[in-house]
Amino acid sequence: MSLQKKIILTGDRPTGPLHLGHYVGSLKNRVALQHDYEQYVMLADVQALTDNFENPEKVRASVLEVVLDYLSVGIDPAVSTIFLQSMISPIAELTIFYLNLVSVARLERNPTVKDEIRQKGFGLQVSAGFLCYPVSQAADITIFGAHLVPVGQDQLPMIEQTAELVRKFNRIYGDTLVEPEALVPETAGRLPGIDGKAKMGKSLGNAIYLSDSADEVKRKVMTMYTDPEHLHVADPGKVEGNMVFAYLDIFDDRVDEVAELKAHYQRGGLGDVVLKKRLIEVLNAMLDPIRARRALFAQDPAQLLEIIKKGTEKANNTAHATLARVKEAMKIDYF
Ligand code: TRP
């Protein structure tokens, strides 16, 4: 019996190294699911350029960094297809077709894009390319016929917009495209930065990266935001909004012990340093095997390029096949 595996499409903008938020948000799911699904993992360099068009070297340099992150966490190129968005021209074509099916008003309502426009201070000067990236993302997903998209919570509006586009396309041109579903982890919809800010990033200096050394992790955890009113060990402390507990909740499997520590902290008599030391151990124990794999793969940059090249070839075959079906449905398959 040959059962066709369902398809996953997922990816990241290569604009810097991946952090713990990426890890719990989607990388872990990708590693866990890669044997049960046919998985495509995209280096979304075209999307990265929508807000980095003036920094092409940054995107270029980040591609290999992100591939190393992928391989280090255990995404296995023998079963997962890792590829470059910019090398798949059918995605660009499909994006153009989809742009007819979405209103400017709908694009302006996408909550994640709205947030980003605000954070980056684009205002009315936002580029058409940036405003339209959810449409290009819909092309990323649907050109591979993806059923499932493992992503962090902030990406839900993109998957919703993709589903809308699919329904509209299928209604107008006939049943052609697969409507995808998002897969967001229950426990870690959104990991805050070490300073307690919701958004993590390089410019904010508040993220722990998968490529951080044990010492860097230690240094960052020691600066973590806890309870500013917890001045003496004997004082009762707050668990809510305390980043050390936010991280222990996500990364420390010993749930009962963490619950006891919370109670002790709230009563008073438990210092921040004890908790931070525990978190440092937990994180470094998790990151050690990732570091070991990174060291192996980093020795051979040519092999990294070969992995992307092979993946891109395979992805291109799939994408061209879908594009042909789309053109047929749209009656633009002349010869
Ligand atoms: N928008 C995603 C991010 O910012 C990256 C991305 C591009 C993506 N295309 C995708 C994610 C397709 C999932 C599916 O991280």
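A crossing of two helices is left-handed if the near helix is turned anticlockwise from the far one by less than a right angle. Keep that in mind for what follows. The model is predicted.

Two packed helices are described by the angle between their axes and the distance between the axes. Here are two such pairs.

| Helix pair | Angle between axes | Axis distance |
|---|---|---|
| α12 (residues 255-267) and α13 (residues 272-298) | roughly 160° | within 11 Å |
| α11 (residues 243-251) and α12 | about 165° | 11 Å |

Start with α12 and α13. Their axes cross at roughly 160°. That makes α12 roughly antiparallel to α13, because angles over 145 degrees count as roughly antiparallel. α12 passes α13 in a left-handed crossing. Which residues make the contact? From α12 come E257, V258, L261 and Y265; from α13 come D272, L275 and R278. Sorted by class, four of the contact residues are nonpolar, three are charged and none is polar.

Now turn to α11 and α12. These helices pack at an angle of about 165°, and they are therefore roughly antiparallel to each other. Their crossing is left-handed. On the α11 side, F245, L248 and D249 take part. They meet V258, L261, K262 and Y265 of α12. The contact of α11 with α12 has five nonpolar residues, two charged residues and no polar ones.

Look at the α12 residues again. V258, L261 and Y265 are in the contact with α13. V258, L261 and Y265 are also in the contact with α11.

**Helix α14**

Helix α14 covers residues 301-329. How does its expected span compare with the distance between its ends? At 1.5 Å a residue, its 29 residues should span 42 Å. The end C-alpha atoms are 42 Å apart, so the two values agree.

Buried residues in α14 include L304, I307, I308, G311, T312 and A315. N316, A319, T322, L323, V326 and A329 are buried too. After α14 comes K331, with a positive phi near 60°.

**R106 in helix α5**

R106 sits in helix α5, which spans residues 104-109. Is R106 buried or exposed? Its relative accessibility is 12%, so R106 counts as buried. The cut-off for buried is under 20%. What does R106 touch, leaving aside residues up to four places away in sequence? R106 touches E160, Q161 and E164.

Note on methods
Residues are numbered from 1 along each chain as its sequence is written. This is a predicted model: local features need pLDDT of at least 70, side-chain atom pairs count only at pLDDT 80 or more; totals for chains, interfaces and linings use all residues. Side-chain values use heavy atoms; hydrogens and water are left out. Axes are lines fitted to C-alpha atoms, for helices over the stretch in contact, and angles run from 0 to 180 degrees between N-to-C directions. Helices (H or I, at least four residues) and strands (E, at least two) are DSSP runs, numbered from the N terminus. Angles under 35 degrees count as roughly parallel, over 145 as roughly antiparallel, 65 to 115 as roughly perpendicular and the rest as oblique. Contact means heavy atoms within 4.5 Å. Ala, Val, Leu, Ile, Met, Phe, Trp, Tyr, Cys and Pro count as nonpolar, Asp, Glu, Lys and Arg as charged, and the others, Gly among them, as polar. The expected span of a helix is 1.5 Å times one less than its number of residues. Buried means under 20% relative accessible area, exposed over 50%, partly exposed in between (1.4 Å probe, protein chains only).
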